Amino acid sequence: MAMAFKMATTGMWVTDECKSSFMAMKWKKVHRYIVFKIDEKSRLVTVDKVGGAGEGYDDLAKSLPTDDCRYAVFDFDFVTVDKCHKSKIFFIAWSPSASRIRAKILYATSKDGLRRALDGIHYELQATDPTEMGFDVIMDRAK
């Protein structure tokens, strides 16, 4: 298995699948969102779930666990007041209150390495609760 990018601060590796899935979402629009997780034993950041092009933001929110941390990217398409079609990619660091302290620390220290490996992210959100990453928050940031 080829490794794409090593995160120096935590010793984590981002798999090639993470980068290729992100590029397919960014350029080919085959995915609406991607959820990433850290496998602590193998020290790899891997793709946990991929949302199809027809899925929406609610599907992403439902796919995040209530008791464990994850990273997610979401491709938000919208129309401006000037009738211009735009697309912005959001990076979400999900760290719910019910997750283990060790997981919270691991995800917090590994976040920047994954962000660097995924080129083309416009906005970042950190959420510990679904209201901190609600659709209204996404809409406000994008415009």
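Predicted model: local features only at pLDDT ≥ 70, side-chain atom pairs only at ≥ 80, totals over all residues.
Me: What makes the pair of Y57 and F74 edge-to-face?

Reply: Two values decide this. The ring centres of Y57 and F74 are 4.9 Å apart, and rings pair if their centres lie within 6.5 Å. Their planes stand at 70 degrees, and planes over 60 degrees apart count as edge-to-face. The pair is therefore edge-to-face. A search of the whole structure finds 9 aromatic pairs.

Me: Why is this pair said to link distant parts of the chain?

Reply: Y57 belongs to helix α2 (residues 57-63), while F74 belongs to strand β5 (residues 70-79). The two are 17 residues apart. Both also belong to one aromatic cluster, together with F76, F78, F90, Y123 and F135.

Me: How do you know whether Y57 and F74 are buried or exposed?

Reply: Buried means under 20% relative accessible area. Y57 has 6%, so Y57 is buried. F74 has 3%, so F74 counts as buried too.

Me: Why is strand β5 called largely enclosed?

Reply: Of the 10 residues in β5, 8 are buried, so the strand is largely enclosed by the rest of the structure. Strand β5 pairs with β3 in the antiparallel sense over 4 bridges, and there F36 stands opposite Y71 of β5. Strand β5 also pairs with β6 in the antiparallel sense, over 10 bridges. In that pairing F74 stands opposite F90.

Me: What is the phi of K83, and what is the phi of R43?

Reply: K83 has a positive phi of about 65 degrees although it is not a glycine. K83 sits in the hairpin of β5 and β6, which has 5 residues between the strands. R43 is not a glycine either, and its phi is positive at about 60 degrees. R43 is found in the loop between β3 (31-39) and β4 (44-52).

Me: What makes R115 count as lying over the face of F91?

Reply: R115 is 5.8 Å from the ring centre of F91. The distance cut-off is within 6 Å, so the value of 5.8 Å meets it. R115 lies over the face of the ring.

Me: Why are β6 and β7 said to pair, and which way do they run?

Reply: Two strands pair if there are at least two bridges between them. Strands β6 (residues 85-94) and β7 (residues 123-127) are joined by 5 bridges and run parallel; they therefore count as paired. One of the bridge partners is A127 in β7, which faces W94. From β6 the chain passes through α3 to β7, and this β-α-β crossover is right-handed.

How values were computed. Residues numbered from 1 in each chain as written. Heavy atoms only, no water. Phe/Tyr/Trp six-rings, centres within 6.5 Å; stacked < 30°, edge-to-face > 60°. Buried < 20%, exposed > 50% of the residue type's maximum accessible area, 1.4 Å probe, protein only. Lys NZ or Arg CZ within 6 Å of the ring centre and 35° of its normal. Right-handed = clockwise from strand over helix to strand, strands pointing away.
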